Amino acid sequence: MISKIGLQLWTIRDSLKTAEDIRDSFRKMKALGYDVAQTAGCDIPYEDFGRIAREEGIEICGTHDSFDRMTENPELEMEHHRLLGTTNMGIGGYNTDTVEQVESFIERANKLADIIYPHGFKFTFHHHSDEFQILENGKTAMDMLVEGLDPVKTSFVIDTYWLQHGGRDIRHWIEMLEGRIDILHLKEMGRNAEGPFITEVGSGGIWWEGVLETAVKAGVKYFVVEQDYCPGDPFDSIKKSADYLAKFIK
């Protein structure tokens, strides 16, 4: 159904502090079946990070980086992304608590997209569940982002857990944003007496066969596991997720 899987590196953030850590982590990822990575910041120079990824056979599919740095110096940030080998210039979230904040963000994001798109880049936005709260204009921030962000020059990093946490149907939103999702976060939701929690893919209640089938039809390019918090060694958790997803890989 899908050709390969990736990892949001926030999952293993404590193992990415030095060049040696990064190389070792990429080798472990590769051995577990991960061929792709999405960054969550870089603790070493972008040039070194990108070089190590290429040497270890890991494709960088996108970033979670600084929106302020991107808007203040887009030329420099494009160069950083060239060094990483990705055209998806992304952020992991933004403050969207009021209509004014969302409108300001949309304006800034579209201006950035206008600058970077002619050079082959897209601006990508990753949501949480906060964006599904009703604002003072009767809309959610996510409604406004879908309506306001340029549908060609920007894309969404849709997150399965945060959609469900926000009370939204995962497959409906993937269908609705067909052609506007380059990266899909495969994040599992478990439930216990205390409520929902993030867990290993295949260990919770999300119907992954249906989600992945819908995502493939909608043109999603990268399928990226993310587990914000792991109960033990993160590499044990990402192995469980990779082992489960193996049956969906052609």
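Let me start with helix H6, residues 141-148, where the buried residues are Ala141, Met142, Met144, Leu145 and Val146. Buried here means under 20% relative accessible area, exposed means over 50%, and partly exposed is in between, with a 1.4 Å probe and protein chains only. Helices (H or I, at least four residues) and strands (E, at least two) are DSSP runs, numbered from the N terminus.

Before going on, the basis. This is a predicted model, in which local features need pLDDT of at least 70 and side-chain atom pairs count only at pLDDT 80 or more, while totals for chains, interfaces and linings use all residues. Residues are numbered from 1 along each chain as its sequence is written, and side-chain values use heavy atoms, with hydrogens and water left out.

Back to H6. Its buried residues pack against helix H5 (99-116), strand S5 (122-126), strand S6 (154-159) and helix H8 (170-176). Contact means heavy atoms within 4.5 Å.

H8 also takes part in the packing of helix H9. H9 covers residues 208-217, and its buried residues are Trp208, Gly210, Val211, Leu212, Thr214 and Ala215. Besides H8, they pack against helix H7 (160-165), strand S7 (181-186), strand S8 (188-192), strand S10 (222-225) and helix H10 (234-245). After H9 comes Gly219, with a positive phi near 85 degrees. Ser203 has a relative accessible area of 48%, so it is partly exposed.

Next, a helix pair. Two packed helices are described by the angle between their axes and the distance between the axes. Helix H2 (residues 46-55) and helix H4 (residues 74-84) pack at about 25 degrees, and their axes are 7 Å apart. Because of that angle, H2 is roughly parallel to H4. The classes are under 35 degrees for roughly parallel, over 145 for roughly antiparallel, 65 to 115 for roughly perpendicular, and oblique for the rest. Axes are lines fitted to C-alpha atoms, for helices over the stretch in contact, and angles run from 0 to 180 degrees between N-to-C directions.

Which residues make the contact? From H2 they are Tyr46, Glu47, Phe49, Gly50 and Arg54, and from H4 they are Glu77, His80, Leu83 and Leu84. By type, the contact has four nonpolar, two polar and three charged residues. Ala, Val, Leu, Ile, Met, Phe, Trp, Tyr, Cys and Pro count as nonpolar, Asp, Glu, Lys and Arg as charged, and the others, Gly among them, as polar.

Leaving out residues up to four places away in sequence, Phe49 touches Leu9, Ile22, Phe26, Thr39, Cys42, Ile44, Ile60 and Leu84. The C-alpha atom of Phe49 is 29 Å from that of Phe105 and 32 Å from that of Ser104. Ser104 sits in helix H5 and is partly exposed, at 36% relative accessibility.

Last, the largest pocket. Its lining consists of Trp10, Ala40, Gly41, His64, Gly92, His126, His128, Trp162, Lys187, Glu226 and Asp228. These divide into three nonpolar, five polar and three charged residues. The pocket holds about 180 Å³ of space. A pocket is an open set of points on a 1 Å grid over the protein atoms alone, where a 1.4 Å probe fits, with protein on both sides within 12 Å along at least five of seven lines; lining residues have an atom within 4 Å of a point. Points are joined across faces, edges and corners, and the volume is the space filled by probe spheres set on them.
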